[in-house]
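Work through the two exercises below with the model open. Try each task before you read its solution.

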Amino acid sequence: MPPTIVLVHGAFAESASWDGVIDRLLAAGHPVIAAPNPLRSVAADAAAVSDVVRSIEGPVVLAAHSYGGAVISNVDPDAGDIAGLVYLNGFAPDAGESCFALAGKFPGSMLGEATLRPVPRSDGTTDLFITLDSFHDVFCQDVSDQQAARMAATQRPATQEALVEPSGERPLWKELPSWFLIGEGDRVIPPALQHYMAERAGAQRVTEIPGASHAALVSHPSETAHLILEAAAARVAA
């Protein structure tokens, strides 16, 4: 049974960001689920993805973009037969680390007061959007103007609370093999930070894409799918 690929989008994106990747994974014969990521809380979002994993028969490869990396790092290890983790310009926090704190560990992130639009919610939390006029330059400088405008209009906010929430005590990357794709032109998560996290995790492979933006899964779907398929093949070979 080929592993099912569970894709987890990050902040300021949504499941359609995986479209080009999904086409290639399906063509390779893998079942694919683009899991809904609520973007409300690391622990709650990880619980939601854990529930998806529990519904799957057979092995699963978790692949995540951006904040989604923090989510899969906190998935319940006993939720299913999880074969490996793929981080695509993604956070891989250790216990107690938050996404915002990690992003400030190395210089280079363009996210900040000038590029984020806070929207207070009635439940007391605050949603964060990337401002429309900076979205293309910050998030996806290597896609067309039209595509960037569409992505900006459909972006889904994460709560500020989720991005500062400490990660859980049992990072999944300490227990399972991992693969990392790093867009060397990422302006959201500094590439130096991604290399640091990949080395810390003992990654099986690190794929670097020169000049690729934070949205490398959109601008480079072939390279993204290739790395996910490599992770899936590692389970099959085992």
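This is a predicted model: local features need pLDDT of at least 70, side-chain atom pairs count only at pLDDT 80 or more; totals for chains, interfaces and linings use all residues.

Residues are numbered from 1 along each chain as its sequence is written, and side-chain values use heavy atoms, with hydrogens and water left out.

**Exercise 1.** Find which residues lie nearest the centre of the largest pocket, and which element gives the largest share of its lining.

Solution. 
1. Take the term. A pocket is an open set of points on a 1 Å grid over the protein atoms alone, where a 1.4 Å probe fits, with protein on both sides within 12 Å along at least five of seven lines; lining residues have an atom within 4 Å of a point.
2. Count the lining: 15 residues. Ala16, Ser17, Gln147, Met151 and Val218 lie nearest the centre.
3. Assign elements. H1 (19–27), H6 (145–154) and H9 (216–219) are the helices that each give two or more residues to this lining. H6 gives the largest share, with 4 residues.

**Exercise 2.** Determine whether phenylalanine 12 and asparagine 89 are buried or exposed.

Solution. 
1. Take the cut-offs. Buried means under 20% relative accessible area and exposed over 50%, with partly exposed in between (1.4 Å probe, protein chains only).
2. Start with phenylalanine 12, in the loop between strand E1 (4–8) and H1. Its phi is near 65°, a positive value. Its relative accessibility is 4%, so it counts as buried.
3. Turn to asparagine 89, in strand E4 (residues 81–90). Its phi is near 50°, also positive. Its relative accessible area is 0%, so asparagine 89 is buried.
4. Set the angles in context. Most residues other than glycine have a negative phi.
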